[in-house]
Amino acid sequence: MADLTKETKMPIVQQLLLNVPFFVLGLLVIGGFVAFSILGLLIVRRFISHEQLRPHHDVADPILGAIAAIYAVLIAFVVVTVWQGFDKSNANVQQEANYLADVYRDSEAFAPDFHQKVGDLLRKYRQAVIHDEWKTMAKGR
């Protein structure tokens, strides 16, 4: 069995997502693509005049429209997939919380000192999950 405390080598993309703030990462990615697009446009316009490109507009319009529609459908699928993952993780958290409540209620049938001990252990477990495990998972471990 693997040692869970040992650091594992993460891919660079995962390290970026976990260590760089989303705002900065978003600006870098979007800014990079915008700069690449503008640079490409400037290079093309330097070598090809606007008059040479005019006859091709009638052909390019439907192609760009189709590409935009495909991209919109792709983005919709990504959003749905992410939302389903969020819902599933939310359901898992609620299910585990219900299991803890069930164990606590079931321990009421035993002696009061045992019931108290079970309650204390369940509280410690809940705190460990919230304060330790969730923070560890947020770091990708």
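The model is predicted: local features require pLDDT of at least 70, side-chain atom pairs count only at pLDDT 80 or more, and totals for chains, interfaces and linings use all residues. Residues are numbered from 1 along each chain as its sequence is written, and side-chain values use heavy atoms, with hydrogens and water left out. The chain contains five helices and zero strands, where helices (H or I, at least four residues) and strands (E, at least two) are DSSP runs numbered from the N terminus. With a radius of gyration of 27 Å, well over the 14 Å that the globule rule gives for 141 residues, the chain is more spread out than a compact globule.

**Overall shape**

- Read from the N terminus, the order of elements is α-α-α-α-α.
- The C-alpha trace spans about 90 × 30 × 30 Å along its principal axes.
- The radius of gyration is taken over C-alpha atoms, and the globule rule is 2.2 Å times the number of residues to the power 0.38.

**Burial and surface**

- Of the 141 residues in the chain, 6% are buried; buried means under 20% relative accessible area, exposed over 50%, and partly exposed in between (1.4 Å probe, protein chains only).
- The chain exposes about 12,400 Å², of which carbon and sulfur atoms supply 70%; accessible areas come from the Shrake-Rupley method with a 1.4 Å probe, and for residues only the protein chains shown count as cover.
- A nonpolar surface patch is formed by Val-29, Ile-30, Phe-33, Val-34, Ile-38 and Leu-42, which together have about 600 Å² of accessible area.
- Patches are made of residues with over 30% relative accessible area and no salt bridge; like charges are joined within 9 Å, and nonpolar side chains (Val, Leu, Ile, Met, Phe, Trp, Tyr) within 5 Å.

**Charges and salt bridges**

- The mean positions of the 14 positive and 14 negative charges lie 8 Å apart; Lys and Arg count as positive and Asp and Glu as negative, while His and the chain ends are not counted.
- Each charge is placed at NZ of Lys, CZ of Arg, CG of Asp or CD of Glu.
- Side chains of opposite charge can pair when their charged atoms come close.
- The structure holds three salt bridges, each defined as a side-chain nitrogen of Lys or Arg within 4 Å of a carboxyl oxygen of Asp or Glu.
- Asp-102 and Arg-105 meet in a salt bridge at 2.5 Å, N to O. They are three residues apart in helix α4 (residues 57-106), so about one helical turn separates Asp-102 from Arg-105.
- Both partners are partly exposed, Asp-102 at 32% relative accessibility and Arg-105 at 48%.
- Asp-120 pairs with Arg-123 in a salt bridge whose closest N and O atoms are 2.8 Å apart; both residues lie in helix α5 (residues 112-138), three residues or about one turn apart.
- Asp-120 has a relative accessible area of 33% and is therefore partly exposed, and Arg-123, with 37%, is partly exposed.
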